[in-house]
Amino acid sequence: MSAPFFYALVGIGLFSLGLYGLIVHAHLLRKILALNIMGSGIFLVLVALAKRTGEAPPDAVPHAMVITGVVVAVSATALALTLMLKLTAETGRAELPEKGRE
Amino acid sequence: MEALTLLEWGFDGLLGLGLLWLAWRALTCPELFKAIVLFIAFGLLMALAWVRLDAPDVALAEAAIGAGLTGALLLAAFAKLSLVTGHEELKPARSEKNRIRFQHYWMPATTLLLVTAGLFYVILSLPPYAAGLSVEVASNLDTSGVSNPVTAVLLNFRGYDTLLEMVVLLLALLGVWSLGDTTIHREAAPGLVLDTLARVLVPLLILVAAYLLWVGAHAPGGAFQAGAVLGAAGVLLLLSSWRPHADLIAWPLRLMLVLGPAIFVIMAVLLYLTKGQLLEFPPAQAGILILILEAVATVSIGITLAALFLGGRPRRGKGQA
Amino acid sequence: METVVTEFSWGIALILLPLAGGMICFLWPRRTQILGLVTVFAVALSVGGLAWQMLDKGVYRHAVGGWGAPLGIDLYADGLSLLMLATTALVGFAISVYSAAYFKQEDAIRFWPLWLFLLAALNALFLSGDIFNVYVTFELMGLAAVSLVALAGGRDALGGAMRYLLAALLGSLAYLLGVALLYHGFGTVDIALLSERVEPSPVVWAALGLMGAGLLLKTAVFPLHFWLPPAHASAPAPVSALLSALVVKASFYILLRLWLEVFEPLISSEGVYTLLGLIGAMAVLWGSIQALRQTRLKLLIAYSTVAQIGYLFLAFPLAVAVGSTAWSAVAYLAISHALAKAAMFLAAGNLVRFGGHDRIADLDRVVQRLPLTAAAFALAGVSIMGLPPSGGFIGKWLMLEVALTQGRWDLVVVMLLGGLLAAAYVFKVLGYAFTQAEVAHEPKTVPASMEWAALLLALAAVLMGFLAVPVLSLVDIGDPFGLSEVRP
């Protein structure tokens, strides 16, 4: 197994760890952290497998995709954090409100 | 050469396992503040992984945006959260409702283990050598106007994605602003260390941003990395209680925020009208046009990131004209 | 003049106009309403231009940057995309007119830039020929939609917005991992090229699983629908209309597109579309039953959306043998539902504005006092129930026909039950609308444009019942359903 595949597997591991954290935690800040880790895992898969070019320089398109992804991730994180703060100001707890009348 | 390969393997192994371990600790640490700090450390280790994978552009972007600015946003949010909910977040979670009960986590854990195993198999089934699009990128690099392939892909070949991505960043700010306002009156004066640090670092950061912008055409760097460094300078200023002049927060601020995506759209339309395809750069002028785009993008990205850190639409405080 | 219309690349206008409009509204908040309305009207005209062009020249393809796939990004539109774009423009325009009267100035300043960026994202998605580009449009759409939901403020809206954001991000991430696998497996992210290169392999199966799961979550298909009712019910009325009518259709469109183009070699195996048909059936039944149980009007309408989305998935098992009719039915259902559901939510908004609440039991003689709104709700209900004449009837009739000829009695039963339950919850609302409430309310006036917007959308849903032939011939431009190919 070469370096690209090793890092790609690490990426999958991060994706799963993040997904586990997202499902299991109730606190919104931890959920946001988990989403970021999931994203980082996917980016690792993208960039690691781009290095399968042998002696030639790596494939630049996944690099550009990951840079785009990082910017999108910080945008989403910023919105999520602000929404979380506003929700906490209303309910007093940083968690998704229990579904009331269903 | 054997020793070098063994060293490489040891390094990669440690790095990979370190990433997994840091992520696990960040997700399961009972103290929220520690978890955020572990996440920032995770981000920095990721930057190292990008360098190891020959992705210096991504490493710069990750260190500045992924670890740096995201970490700053998380810490700021945590601080505001502690104010709202009291200081309970600092203590480890002991109450029943915060504990993860065993029956709630064995089912997702086993399902995820199976999914992970499946994905491992899929990854390993991929061919060991694949050029992807590197051949097409290399053969078209000459006519793209820059010699850094990542910049060429970001600003020329797949520039449309970059346009949309800049709008995403602006949109996040619009969303944050629509959620609430924050007054821009001066808070308490910063301490001596922070004040001095800001005075020294901010001009340096602006210089580094300008350098990254310029060098991005032929070496790792570019608009996003430069914009992130500029954003970091903005965050540093905000932390040392600097606030923009009250007159600047109306349309001048909005204009600067919109400048990047707006110039992008205008250039796209002009290129369509003159060349026939949207965003089709003429090879002779491509270099200078891309530099213009990157320059305005850097300014917009930097200000947007700093404004996101502020966390609300800036309003004049009470008692100001 | 003719040549201008047929030569100009209308797809670009569809994306750049709302982007520019959103930015101008942001820069010039005082004039935001008129700027917004002008932009949406211009978008509607551009869809007309695109339709004219496509009737003349066939599919629309534009290589952004001049590079062409696989290096660059292609914009692509066939009949299906055109219909989705037209629905978006029509529903979007009606909702814009409604919103101009609905929002006060301070809320309008926040609403219009967000809505215009959402429109840009929708158009960019329907025109995209590149799966990574679709990911970026999904994020644009998600952030705009979540911000719009949170405009209402208050615990319910903020909680609904937060749940929506988390679900949307999770869906996008699962989708992105699928994109990563497809790129590294086949060396391109262009849909047309992928459809040529893909062959059954573990990579494609994993991509199908990941992207399918992500898109099903975004389309709120049972059992992944948990985020939809809180978000759609607590948002401001025009936003609920936008979400239920347009945004959920976007992820369904991508799922359909990928299914037909990229994952086509996998279709020969039974399991996947049986699964899709099964969750569709459960969505229809579960959503309809839950809708019937609701005491609040907007939650009822939101659960109705969950149910109607289920119908779209019933087509998957049917499409295997008889592709054309089943997919045409899906297109028809999607469009009719968009029109009818938007009308319903706008009508609900009128009722809330009028009485100050949306409790079904306390609807106070609405039929006499807000006749246009009551008519809008009733006509929209006709389409949702699938009664003639309406677009909903045509869609459901086509699907029933296919199911009967294939002997799929299980699906026939589900569809008929769904129709009955829909009739039950529609008539429940209408029944209360005729009667006097126990507690009288101080009625507030509802602007005429709000009532007319709702009514005209509902009439459009009914009108779709008469337009079957022209609409179905439009769908066939570019042969999106691959019907002329010979399947081995």
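## A helix of chain C

In helix 19 of chain C, the buried residues (those with 20 or more other C-beta atoms within 10 Å of their own, C-beta atoms being placed from the backbone) are C:M450, C:E451, C:A453, C:A454, C:L455, C:L456, C:L457, C:A458, C:A460, C:A461 and C:V462. Helices here are DSSP runs of H or I with at least four residues, numbered from the N terminus. Helix 19 of chain C covers residues 448-463, 16 residues, and spans 22 Å from its first C-alpha to its last, close to the 22 Å expected at 1.5 Å a residue, where the expected span is 1.5 Å times one less than the number of residues.

This is a predicted model, in which local features need pLDDT of at least 70 and side-chain atom pairs count only at pLDDT 80 or more, while totals for chains, interfaces and linings use all residues. Residues are numbered from 1 along each chain as its sequence is written, and chains are lettered from A and ligands numbered from 1 in the order in which they are written.

In chain B, the axes of helix 3 (residues 56-85) and helix 11 (residues 286-310) come within 9 Å and cross at roughly 20°, so helix 3 of chain B is roughly parallel to helix 11 of chain B. On the side of helix 3 of chain B, B:L69, B:A72, B:L73 and B:A76 meet B:L305, B:L308 and B:F309 of helix 11 of chain B, contact meaning C-beta atoms, placed from the backbone, within 7 Å. The residues of this contact are seven nonpolar, no polar and no charged.

## Contacts between chains

Chain B places 72 residues in contact with 66 residues of chain A. Helix 3 of chain B provides the largest share of the chain B side, 15 residues, and that side comprises 51 nonpolar, 13 polar and eight charged residues.

The contact between chain A and chain C takes 29 residues from chain A and 24 residues from chain C. On the chain A side, helix 3 of chain A gives the most, with 14 residues, and the residues of that side divide into 20 nonpolar, four polar and five charged.

Definitions and conventions
Helices (H or I, at least four residues) and strands (E, at least two) are DSSP runs, numbered from the N terminus. A residue is buried if 20 or more other C-beta atoms lie within 10 Å of its own, exposed if 12 or fewer, and partly exposed in between; C-beta atoms are placed from the backbone. Axes are lines fitted to C-alpha atoms, for helices over the stretch in contact, and angles run from 0 to 180 degrees between N-to-C directions. Angles under 35 degrees count as roughly parallel, over 145 as roughly antiparallel, 65 to 115 as roughly perpendicular and the rest as oblique. Two residues are in contact if their C-beta atoms, placed from the backbone, lie within 7 Å. Ala, Val, Leu, Ile, Met, Phe, Trp, Tyr, Cys and Pro count as nonpolar, Asp, Glu, Lys and Arg as charged, and the others, Gly among them, as polar.
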